[in-house]
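Let's take a friendly walk through a protein model, one piece at a time. Keep the structure open beside you as you read.

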Amino acid sequence: MADVLTIPPPAEDAEPLKANIYEFSRSLTCTLAPMFPHLHAGAIVPTVALFWGRKDGDYGYFEHFNTVDEVVIIFGADGAAGRARTGLVRVNAHTHGVGNFLPDPDDPEVFSLICITQRQSEEAQQEEAVWFKCEKCQHDYGRLEFTWDPVCPDDVAPTHGNYAALETVVKSAQAASKYNADDASHTCTECGHVNAPFPLDRWGWDRYAAQTVAVQRAEAALKAVAAGD
Ligand SMILES: [Zn+2]
């Protein structure tokens with residue numbers, strides 16, 4: 001019988017890393033920012049979403065489907081109740097709501113520091129979907145589905161470039177941008193209500209996607225100079 005109780009040593013190209021979540025979260029680019037560079041198939045990927053109040057601070061709300069489990073730990077909160085309160089540990093259902101964590105997002109005193117960890121799919125493509133609920137009639141609309149292959153360590157550079165992005169964040173940025181592109185995209189297909197644009201700025205996914213491209217190009221630029229190109 002195979003020894004299923006012994007954890008194998010880490011792969012040589014994916015050494016164990018550690019970080020302090022409070023230190024890390026101060027410099028976040030976006031919600032769902034991965035804490036470590038390991039994003040390959042089978043990798044444990046802790047991400048952080050820090051929700052905090054400010055004037056016009058509404059984050060909006062959407063529904064998310066993910067074929068892999070998401071384990072959630074709240075590392076501290078103030079003014080956040082229910083599923084965003086301090087110390088809560090939960091496993092998300094594969095379809096779950098995202099947003100509305102702060103009862104009053106305009107209050108600068110409220111926040112919730114949320115760690116969401118997923119294990120990257122190994123054998124099958126990872127399937128995800130995001131969609132919105134009409135603020136008037138609660139009808140689901142604007143569904144965008146996406147599938148992706150977690151990067152394999154050997155493929156990271158040729159397939160995704162160095163400093164590969166967490167695909168969930170990039171695809172979510174694309175979904176939100178598409179949603180915001182015109183009124184037709186956020187008009188309810190059931191009741192015709194024109195819903196508000198999605199406050200993408202609060203989530204920062206487009207910033208993460210753009211900065212990923214920028215740092216990849218920065219590294220290439222420096223290498224080119226070093227090579228005398
Ligand atoms: Zn509606």
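Leu-32 sits in the loop that links H1 and E1. This is a predicted model, and in it Leu-32 has a positive phi of about 70° although it is not a glycine. Is Leu-32 buried or exposed? Leu-32 is buried, because 21 other C-beta atoms lie within 10 Å.

Thr-31 belongs to the loop between helix H1 (21-25) and E1 as well. Thr-31 counts as buried, since it has 22 C-beta neighbours inside 10 Å. Leaving out residues up to four places away in sequence, Thr-31 touches Ala-49, Trp-203 and Gly-204. Thr-31 and Phe-51 are 20 residues apart in sequence, yet their C-alpha atoms are 7.9 Å apart in space.

## The whole protein

The protein has five helices and nine strands, and along the sequence they follow the pattern α-β-β-β-β-β-β-β-β-β-α-α-α-α. The C-alpha trace spans about 55 × 50 × 40 Å along its principal axes. For 229 residues, a compact globule would have a radius of gyration near 17 Å, and the 19 Å of this protein agrees with that.

Buried residues make up 25% of the 229 residues. Among contacts between residues at least 6 apart in sequence, 71% join residues at least 24 apart.

## A five-stranded sheet

Which order do the strands of the open sheet follow? The five strands are arranged as E1-E2-E7-E4-E5, with antiparallel pairing. E1 and strand E5 (89-91) stand at the edges with a single partner strand each, so one side of each has no neighbour in the sheet.

Inside this sheet, E4 and E7 run antiparallel and are joined by seven bridges. Asp-78 stands opposite Phe-111 in E7. Glu-70 is part of strand E4 (residues 70-78). Glu-70 counts as partly exposed because it has 19 C-beta neighbours inside 10 Å, and a residue needs 20 or more to be buried. Not counting residues up to four places away in sequence, Glu-70 touches Asn-92, Ile-116 and Gln-118.

## A hairpin and its loop

Strand E8 (residues 126-133) pairs with strand E9 (residues 140-148) in the antiparallel sense, over seven bridges. One of the residues to look for is Gln-126, whose bridge partner in E9 is Trp-148.

The hairpin of E8 and E9 has six residues between the strands. Gln-138 lies in this loop and has a positive phi of about 70° although it is not a glycine. Gln-138 is exposed, because 10 other C-beta atoms lie within 10 Å.

Helix H5 (residues 205-226) has 22 residues and reaches 32 Å from its first C-alpha to its last, close to the 32 Å expected at 1.5 Å a residue. Which residues of H5 are buried? They are Trp-205, Tyr-208 and Ala-209. An α-helix has 3.6 residues a turn, so residues three or four places apart point the same way.

On the other side of H5, the exposed residues are Ala-214, Arg-217, Ala-218, Ala-221, Leu-222, Ala-224 and Val-225. The buried residues of H5 pack against strand E1 (33-34), helix H3 (167-180) and helix H4 (200-203). After H5 comes Gly-228, whose phi is positive, near 80°.

## The nonpolar core

Which residues touch the most other members of the largest nonpolar core? Among its 37 residues, they are Phe-51, Val-169 and Trp-205. The elements that give two or more residues to this core are strand E2 (44-52), strand E7 (111-119), E8, H3 and H5. H3 provides the largest share, six residues.

Leaving aside neighbours within four places in sequence, Val-169 is in contact with Cys-30, Leu-32, Trp-205, Tyr-208 and Ala-209. Three of these names, Trp-205, Tyr-208 and Ala-209, are the buried residues of H5.

Technical notes
Residues numbered from 1 in each chain as written. Predicted model: local features only at pLDDT ≥ 70, side-chain atom pairs only at ≥ 80, totals over all residues. Helix = DSSP H or I, 4+ residues; strand = E, 2+ residues; numbered from the N terminus. Expected span 1.5 Å × (residues − 1). Buried ≥ 20, exposed ≤ 12 C-beta atoms within 10 Å, placed from the backbone. Contact = placed C-beta atoms within 7 Å. Pairing = 2+ DSSP bridges. Core = buried A, V, L, I, M, F, W, Y, C linked by C-beta atoms within 7 Å. Rg over C-alpha atoms; globule rule 2.2 N^0.38 Å.
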